[in-house]
Each structure stands twice: as C-alpha cells, then as structure tokens.
Amino acid sequence: APLGKLLLVILVLVANVMTDSVITALAVLAIGLALMAYSTNMRVPFMLGVAIGEAVLILVVACGIISINGDTSQPCIWSADFLWLDLYMTADSFNQAWLVMIRAVAGITVMIAFATSTPIPHLAQALRQIRVPDEICEIVVLIYRYAFLLLERMDTMWSAANSRLGFSGFKRSMKTIASIAVGIFTSSLNLADKAQVSLECRGYRGYFPIWNRPQKAGGVGSGGSSRVRLAFRSWEVHRGRHRLLAYRVRGVRMDFKYILEARDVSYVYGKGDGANASLKNVSLGIRPGVKTVILGANGAGKSTLFYHFNGVFRPTTGEMFYRGISVSYQKEHLYELREDVAVVVQNPDEQIFSSTVEEDVAFGPMNLNLHPDIVEGRIRDSLFKVGMEDYRYRPTTQLSYGQKKRVAIAGALAMDP
C-alpha cells in the first residue's frame, strides 16, 4: 500500500538521522540498497546516475571538511598546514565524517527506491491520508513528476552534445555542461507554463484524482460489461439533460451555424515593453461535422487560438463562441466546455505526467467524476483507437516519442469530446 510504503520510508529516514550508531546507519543503507535492487534491478538511468554521483562527490568533500576540523583539545591522528588553514583530524572527527557519509548515502538509496517504485497518484494519495495539506501534496507531486522529466530531457541534451563532440577536451566539456545546465533551467520554466495549460485542457480541478481499476471490468456478455453499459447510459442521460438545461438557462439557440467561433479576437502575451501580440483581430467559424485544418508558420498563433477554443486563454479583445453562445469563464462553465472541446498539445511530454499509460488516459475522465466502469471503458476504447491497447500498463517513461504522441491523443479522446 502506498501509505504503508511512505510511512516505512519516513520511519527508516528518521531512525537514520536520529541515531549515533554506525551499525544502524549501515542497516539503513542495506535496506535502501535492497529496496533499490528490487525496484530498479540496479539499473539506474544515466542522468540519474550522474545526479547521484554529483551528490556523492559533494558528500565526500563535505565529510572531508568535517574530518579535518577536529577539536584541538583531543589527541591528533593527523595534522597539516595548508595556506592559511590548520588541518587537524581526531578520531572523533574522523568517525563523525564517516557517520555523516553513511547516513547520507543510506538516505539517498532509500529515497531513490521509493521514488522509482511509487506511481505519482499513489504518492499523492498517501500524502493526503496523513493529512498533508492539498496545496503541499500537489506541489510535491508536480516536482516529483517533472524532476524525472527534466532528467530525461537532460539525458537527451547530453547525448546530442556528445554526438557533436561537445565533450572533447576538459575546457570544451565544462562549457558544454554549463550550456546544458542553462538550457535545463530555461526549459524548466517553459515546461512549467505549458504543463499547467495541458492540465487545464483536461479538466484539472486543483487536485489529482486516483485511478483504481474496477475489480470486475468484465468482457462481452459478462456482468461487468452490463454494468458498464448501464452506468454509461445513466451518465449520458444525466449529461444530456444537464447540458440542455444549461443551454436553456443561458438562452442558447440550438440552431447555431458554427460550433466554434472567434469574433475579432486578439491576444497579447506579456505587458508593457515586453508585450507580444500573438493574435490580431482573428475571426473564424468552424461548422459542425466539418474537418478544418489551420496551417501557419511557427509562432503564427495556432496553439494560442486552440487554447481560446476550450477556454484556457481568454481574449485580450474580442469574443469566443461555442454552439452559438459566448464562452463564459466561470469555472463550472469552463469544465463543461473542456469536456466537449479537447486539445492535444504539440509536445506530449507537456501533457503526459502520470507514471503509467492507463493512469494518464484516465486523468481526464476522472476529473469529470465519472463512474469507474465508464472510465474503464473509455480507457479501453481510446487506447484501441490509437493502437496502444497493448501498452496500457507500460510506464510512460519507457515510451518512444511517437508512442507518447498516441497516448496524448488517447487522453484527449477519453474526454469523449
């Protein structure tokens, strides 16, 4: 259970920090190595290994400093003068340095084992069960997910630099590493903005729902299948009545000409001297049942326009219409709009954040508060449509870029737009 695993990790880490015994620290290290071997088969991704190596190097330097700053009132086992520094090592300072080193490495192994074996929604569920505030839960989950994504991106940049002889020579290697670090920092800022947009496109309501597969999904002719059909019909009837009532209350004509329409829409990114007009007086209507292709060069504003269609962006000037009615930017109305109007982002890494394919596809339907049997059906149908049904339980980190594209499309189809 996620909660039991989390409590075990917390207990082990607290015991590791509180004890002064090297034996206890070594026991924690053994537990961490055993858990990491079980969860990863000791196959750590290259960039994660680089990050761990850097952490261990920092620990070695820090522990070395601890060891040579002994109490001068105690017997010395080694001393030296280096520039203006007096290096003085005692038995206590040496033992203390080793204890800190073992504690730190043991803590790293335990946390890596936990991180690599715990799906993101399960982590959020465990945090909520111990009464951690929702805001902190969501921050932890997003950091947890996108830290791995940035490591993956760093691995890609590292390989690209290596293929162009970016690490030939010490000076050039240092320059390349610095460039990669800057690139990761800037891409992380860009990723944060786009990931939030992707979440809103799939009906994100401020928390991450947990997908628990129904115990008896059932096949054709089974009780599970009948339950799925009954739940689906019940939901569709409720859904249709609810929307028709909403249309009537808001005075909508049902004989609309365009299902989506932009009237004289302009949108400006930023303010002041840094303002950039992405859309300028755009008027466009899309008829029901008609496939419409919008073409344009990079930066022409295609994605910006699409985000206006499902209410993620609000026009600086002008007005958006859906089914003949002006788009309302109240939360509940936006949730309804995003249930009907799906957007697939260009970069699937900005949309896919769950640990497995089925959990990511289930994210949108779960935000609609659908019955689990309906969510199960939508997962199967959407993955079948994109030819990814055999990858349902595959970790998203093990997918190719093309497969991630398909999963991103399946996530949009699961909203039943």
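Q: Which residues of helix 11 are buried?
A: In this predicted model, the buried residues of helix 11 are Val-357, Glu-358, Glu-359, Asp-360, Val-361, Ala-362, Phe-363, Gly-364, Pro-365, Met-366 and Asn-367.

Q: How many of the helix 11 residues is that?
A: Eleven of the eleven residues in helix 11, which spans residues 357-367, are buried, and the helix is mostly covered.

Q: Why does Asp-360 count as buried?
A: Asp-360 has a relative accessibility of 0%, and the cut-off for buried is under 20%. Asp-360 is therefore counted as buried.

Q: What does Asp-360 touch?
A: Leaving aside residues up to four places away in sequence, Asp-360 touches Arg-202, Gln-351, Ile-352, Phe-353, Ser-354 and Val-407.

Q: Which residue with a positive phi follows helix 11?
A: Asn-369 follows helix 11, with a phi near 60°.

Q: Changing topic: at what angle do helix 1 and helix 4 cross?
A: The axes of helix 1 (residues 2-18) and helix 4 (residues 91-117) cross at roughly 175° and come within 10 Å. Because angles over 145 degrees count as roughly antiparallel, helix 1 is roughly antiparallel to helix 4.

Q: Which residues meet there?
A: From helix 1, Lys-5, Leu-6, Val-9, Val-12, Leu-13, Asn-16, Val-17 and Met-18 take part. They meet Arg-103, Ala-106, Gly-107, Val-110, Met-111, Phe-114 and Ser-117 in helix 4.

Q: How many of the residues in that contact are nonpolar, polar and charged?
A: The contact of helix 1 with helix 4 has ten nonpolar, three polar and two charged residues.

Definitions and conventions. Residues numbered from 1 in each chain as written. Predicted model: local features only at pLDDT ≥ 70, side-chain atom pairs only at ≥ 80, totals over all residues. Heavy atoms only, no water. Axes fitted to C-alpha atoms, helices over the stretch in contact; angles between N-to-C directions. Helix = DSSP H or I, 4+ residues; strand = E, 2+ residues; numbered from the N terminus. Parallel < 35°, antiparallel > 145°, perpendicular 65-115°, else oblique. Contact = heavy atoms within 4.5 Å. Nonpolar A, V, L, I, M, F, W, Y, C, P; charged D, E, K, R; others polar. Buried < 20%, exposed > 50% of the residue type's maximum accessible area, 1.4 Å probe, protein only.
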